[in-house]
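Here are some notes for a first look at this structure. Please keep the view open while reading.

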Amino acid sequence: MIDYSKILIANYPGTQWTLNGDEYSGLTWLDSTPKPTQAELDAAWPTVAYNDDYAQVETTRRTQYEAQSDGLFFEWQRGTNTQAAWEAAVQAVKDANPYPPAPKAKK
């Protein structure tokens, strides 16, 4: 389902609008700039959704790095663990949290 509010927030920062419900028909454009068409917003959705999913993976990875690999990094730096142990922990986080596939370009 297309999330028009996410598209508007991401691609039209600083504009004024309201959205009643989840449909384009509920969009009231209050800004002096031209109102985007439904087709324009629909076309923007794959990229906005991808960017949102990508950011979620980044946040999850950051949290898991702190919990699972950062300590091993400092142990490696102090000489009490190996670089291989740290790199394995980093790779485990990456493997558990893959990035989403990039949206396909429209021709």
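1. Leaving aside its neighbours within four places in sequence, which residues is Trp 45 in contact with? They are Met 1, Ile 2, Asp 3, Lys 6 and Ile 7. Bear in mind that this is a predicted model.

2. Stay with Trp 45 for a moment. Trp 45 lies in helix H2. Its relative accessible area is 18%. Buried means under 20%, so Trp 45 counts as buried. Leu 8 is 37 residues away from Trp 45 along the chain. The C-alpha atoms of the two are separated by 9.9 Å.

3. Helix H1 covers residues 4-11, and helix H2 covers residues 38-68. H1 and H2 pack at an angle of about 85°, and their axes are 9 Å apart. An angle from 65 to 115 degrees counts as roughly perpendicular, and H1 and H2 are therefore roughly perpendicular to each other.

4. Which residues of H1 are buried? Tyr 4, Ile 7 and Leu 8 are. Look down the axis of H1: its buried residues fall within an arc of 95°, so they line one face of the helix. The buried residues of H1 pack against H2. They also pack against strand S1 (17-19) and strand S2 (27-29).

5. Now move along the chain to the next pair. Helix H3 takes in residues 70-78, and helix H4 takes in residues 83-96. H3 and H4 pack at an angle of about 165°. Their axes are 8 Å apart. Angles over 145 degrees count as roughly antiparallel, and H3 and H4 are therefore roughly antiparallel to each other. The crossing of H3 and H4 is left-handed.

6. What makes up the contact of H3 with H4? Leu 72, Phe 73 and Trp 76 come from H3. Gln 83, Ala 85, Trp 86 and Ala 89 come from H4. By class, the contact of H3 with H4 has 6 nonpolar residues, 1 polar residue and no charged residues.

7. H4 also packs with H2. The axes of H2 and H4 come within 10 Å and cross at roughly 150°. That makes H2 roughly antiparallel to H4. H2 passes H4 in a right-handed crossing. From H2, the contact is made by Arg 61, Gln 64, Tyr 65 and Gln 68. From H4, Ala 89, Val 90, Val 93 and Lys 94 take part. The class count for the contact of H2 with H4 is 4 nonpolar, 2 polar and 2 charged residues.

8. Ala 92 lies in helix H4. Is Ala 92 buried or partly exposed? Ala 92 is partly exposed, with a relative accessible area of 39%. Ala 92 and Tyr 65 are 27 residues apart in sequence. From C-alpha to C-alpha, Ala 92 and Tyr 65 are 9.6 Å apart in space.

9. Glu 87 is also in helix H4. At 40% relative accessibility, Glu 87 counts as partly exposed. Glu 87 and Leu 72 are 15 residues apart along the chain. Their C-alpha atoms are separated by 8.8 Å.

10. Last, take Arg 62. Its place is in helix H2. Arg 62 counts as partly exposed, at 45% relative accessibility. How far apart in space are Arg 62 and Glu 87, and what is their separation in sequence? They are 15 Å apart, C-alpha to C-alpha, and 25 residues apart in sequence.

Conventions. Residues are numbered from 1 along each chain as its sequence is written. This is a predicted model: local features need pLDDT of at least 70, side-chain atom pairs count only at pLDDT 80 or more; totals for chains, interfaces and linings use all residues. Side-chain values use heavy atoms; hydrogens and water are left out. Axes are lines fitted to C-alpha atoms, for helices over the stretch in contact, and angles run from 0 to 180 degrees between N-to-C directions. Helices (H or I, at least four residues) and strands (E, at least two) are DSSP runs, numbered from the N terminus. Angles under 35 degrees count as roughly parallel, over 145 as roughly antiparallel, 65 to 115 as roughly perpendicular and the rest as oblique. A crossing is left-handed if the near helix is turned anticlockwise from the far one by less than a right angle, and right-handed if clockwise. Contact means heavy atoms within 4.5 Å. Ala, Val, Leu, Ile, Met, Phe, Trp, Tyr, Cys and Pro count as nonpolar, Asp, Glu, Lys and Arg as charged, and the others, Gly among them, as polar. Buried means under 20% relative accessible area, exposed over 50%, partly exposed in between (1.4 Å probe, protein chains only). The arc is that of the directions from the helix axis to the C-beta atoms.
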